[in-house]
Amino acid sequence: MACDRELLRVIKDLKSTVDELNKNYQQQGLPVTDGSQELQQFCAQLEFLLQYDMKEKRSLLGQRKDYWDFLCRVLTKLQSHTHAGVQHIASLDKLKTAVGKGRAFIRYCLVHQQLADTLQLCFMEPEITSEWYYARSPFLDQKLWLDLLGSLYELDGIAFHLALCRADLDAAWPMGSELETQIIMGVTKEPTRVH
């Protein structure tokens with residue numbers, strides 16, 4: 001039961017984080033950048049949910065599959081053409097892990113305001129979802145999933161200015177200060193720093 005409480009807490013926290021993103025960015029007409037603490041929290045919370053109660057699957061080479069493998073498989077199977085986000089991630093040869101590719105995909109969907117639509121498409125078939133997730137997954141509980149999906153749709157009104165070709169996503173979600181990210185992205189008048 002402790003795990004279920006943790007799941008409900010993360011969903012509640014994610015919804016609060018979406019509210020903060022709306023208040024601090026959309027209502028002020030500002031774009032969300034990699035330096036946003038709310039973005040870092042949201043991404044970590046969403047990743048936790050996407051990995052929660054996931055069945056262990058392995059590739060032919062023995063590597064553990066992750067939520068990227070699920071999303072990629074479902075999107076490839078359900079759509080007559082390859083999802084643009086899947087094509088983009090496939091072109092990123094510096095990302096080596098499924099987790100890094102999943103993080104890049106989430107970022108791609110945020111920038112293109114497709115996160116809610118894409119995840120809704122991926123989780124609309126309970127039979128397919130149950131091949132990858134155990135019963136406690138929030139994506140197999142219709143009430144939890146619809147509640148979560150409503151929050152994800154709130155992100156469609158927010159502009160995300162994120163670098164889409166980051167090689168560091170295998171290790172962790174990007175972290176930095178808002179000012180540093182704005183300078184790197186060229187949003188401020190400060191000279192651009194090279195990392």
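Q: What is the secondary structure made of, helices or strands?
A: The model is predicted. Its secondary structure comes to nine helices and zero strands. From the N terminus on, the elements run α-α-α-α-α-α-α-α-α.

Q: How much of the protein counts as buried?
A: Of its 195 residues, 42% count as buried.

Q: And the surface, what does that come to?
A: The accessible surface is about 10400 Å². Carbon and sulfur atoms hold 53% of that area.

Q: What about contacts between residues 24 or more positions apart?
A: They make up 72% of the contacts with a separation of 6 or more.

Q: New topic. How many cavities of 30 Å³ or more are there?
A: The count is two.

Q: What volume does the largest cavity have?
A: About 50 Å³.

Q: Which residues line the largest cavity?
A: Asp34, Leu39, Gln40, Cys43, Arg107, Trp173 and Pro174. By class, that lining has four nonpolar, one polar and two charged residues.

Q: Which helix gives the most to that lining?
A: Helix H2, residues 37-51, with three residues.

Q: And the second largest cavity, how much space lies in there?
A: About 40 Å³. Its lining is Arg73, Val74, Lys77, Ile128, Glu131 and Trp132.

Q: Which helices supply at least two residues each there?
A: Helix H3 (67-78) and helix H7 (126-132).

Q: How does that lining divide by class?
A: Into three nonpolar, no polar and three charged residues.

Technical notes: Residues are numbered from 1 along each chain as its sequence is written. This is a predicted model: local features need pLDDT of at least 70, side-chain atom pairs count only at pLDDT 80 or more; totals for chains, interfaces and linings use all residues. Side-chain values use heavy atoms; hydrogens and water are left out. On a 1 Å grid over the protein atoms alone, a cavity is a set of points where a 1.4 Å probe fits but cannot get out, and a pocket is an open set with protein on both sides within 12 Å along at least five of seven lines; lining residues have an atom within 4 Å of a point. Grid points are joined across faces, edges and corners, and a volume is the space filled by probe spheres set on the points. Helices (H or I, at least four residues) and strands (E, at least two) are DSSP runs, numbered from the N terminus. Ala, Val, Leu, Ile, Met, Phe, Trp, Tyr, Cys and Pro count as nonpolar, Asp, Glu, Lys and Arg as charged, and the others, Gly among them, as polar. Buried means under 20% relative accessible area, exposed over 50%, partly exposed in between (1.4 Å probe, protein chains only). Contact means heavy atoms within 4.5 Å. Accessible areas come from the Shrake-Rupley method with a 1.4 Å probe; for residues, only the protein chains shown count as cover.
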